[in-house]
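Please look at the sequence and the model shown here. The paragraphs after it go through some parts of the fold.

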Amino acid sequence: MTTWNLQGTVSHLLICNGSSCRKHKGEEVADAIEDEIEKQGAERQIHTTVTRCNGRCSDACVVISYPEGVWYKEITPKSAKALVRKVLEGERLEDNVLYTYDGGLIAATEKDAKGKKKK
Ligand code: FES
């Protein structure tokens, strides 16, 4: 068990490791993010959590960035490293944006808006 002092954290990355994302290198994506955070010396700025399925399996591997509320799709180990660098620059990894947040999630494209309706 660990209890981190998270004061000073500026970004929390939720890295999906549900079964679909794991089939799309979810574990390697998590490792790449951790490696890049360490390489950038950003352990205090970026906190990570590996999650179960986030409900967008067709977009695997999914990574969600808070507090900005941006969901990223099709993250690979390579783009995961770029994502860390973008987060530290206060920018988005635009090519992989799935949803943005503005009082509710907004799909980046028409394709991204597709999926089963929730009850
Ligand atoms: S397993 Fe990652 S979104 Fe479903």
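Leu98 counts as buried because 22 C-beta neighbours lie inside 10 Å (buried means 20 or more other C-beta atoms within 10 Å, exposed 12 or fewer, partly exposed in between, with C-beta atoms placed from the backbone). This is a predicted model, in which local features need pLDDT of at least 70 and side-chain atom pairs count only at pLDDT 80 or more, while totals for chains, interfaces and linings use all residues. Residues are numbered from 1 along each chain as its sequence is written.

Leu98 sits in strand E5 (residues 97-101); helices (H or I, at least four residues) and strands (E, at least two) are DSSP runs numbered from the N terminus. Leaving out residues up to four places away in sequence, Leu98 touches Arg56, Asp59, Trp71, Tyr72, Lys73, Ala108 and Asp112 (contact means C-beta atoms, placed from the backbone, within 7 Å). From C-alpha to C-alpha, Leu98 and Ala108 are 5.3 Å apart in space and 10 residues apart in sequence.

Next come other strands. Strand E1 (residues 11-16) runs parallel to strand E2 (residues 46-51), joined by 6 bridges (strands pair if DSSP finds at least two bridges between them). Ile15 has Val50 in E2 as its bridge partner. E1 also pairs with strand E3 (residues 63-66), in the antiparallel sense, over 4 bridges; there the bridge partner of His12 is Tyr66 in E3.

Two helices remain. In H2 (residues 26-40), residues including Val29 and Ile33 meet residues of H3, among them Val84 and Leu88.
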